[in-house]
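Dear colleague,

I am passing on the structure below, and my notes on what was found in it follow directly after. Please read them with the model open beside you.

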Amino acid sequence: TTTEPDAAVQGSARQKTWSDDLQADFDPETGVLIRLEQWGKFRYESAGRQARAERALMEPQKDWITLTGGSRVWDATGSTDAASIFLDQKNNTTQASGDVRSVRQPERSGEEPVRATARTMRTSGDHALIRYEGKARLWQSGNRIEGEKIEIDRSARQLRAGGGITSTLA
């Protein structure tokens, strides 16, 4: 499928998707697409962001995408892999759950990427705030922190952790 950007919506971009199968539901009165479900090697591209999963549910009126089954989302700033990933594109938030693995590119050149694992991850504000929960582990080069939850607040330049913290700082 190809969805052209809405000229009335600032920042909207062309979206392309691919899959083996799809089902589209339309409003019977207006003909507006309400829901698009795709499965079988789903792929997505829009404005530098890409995704893949076994199945995707897109709700265009809300600007939501739910990915399930071997889900992966990536762009130039990093990637996230999980059993399921929910993207709220209107509010610029992401929720991932089930064996979450993420890699974020460093803010300064010459540094290693920041890697993390957890049961769940939530991001907001273009990854300005990232929260990992459930056996969370975060590492960069020789620095490592583990705990029940870890939060990165890039705007405030803070790292917070809680619940049985273990850290190794090089």
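S46 touches A13, R14 and Q15, leaving aside residues up to four places away in sequence, where a contact means heavy atoms within 4.5 Å. S46 is buried, with a relative accessible area of 9%, buried being under 20% relative accessible area with a 1.4 Å probe and only protein chains considered.

This is a predicted model, in which local features need pLDDT of at least 70 and side-chain atom pairs count only at pLDDT 80 or more, whereas totals for chains, interfaces and linings use all residues. Residues are numbered from 1 along each chain as its sequence is written, and side-chain values use heavy atoms, with hydrogens and water left out.

S46 belongs to strand β4, which covers residues 33–46, and the chain as a whole has 13 strands and zero helices, taken as DSSP runs (strands E, at least two residues; helices H or I, at least four) and numbered from the N terminus. Of the 170 residues of the chain, 31% count as buried, and its C-alpha atoms fill a box of roughly 60 × 30 × 25 Å along the principal axes. Among contacts between residues at least 6 apart in sequence, 28% join residues at least 24 apart.

Definitions and conventions. Buried means under 20% relative accessible area, exposed over 50%, partly exposed in between (1.4 Å probe, protein chains only).
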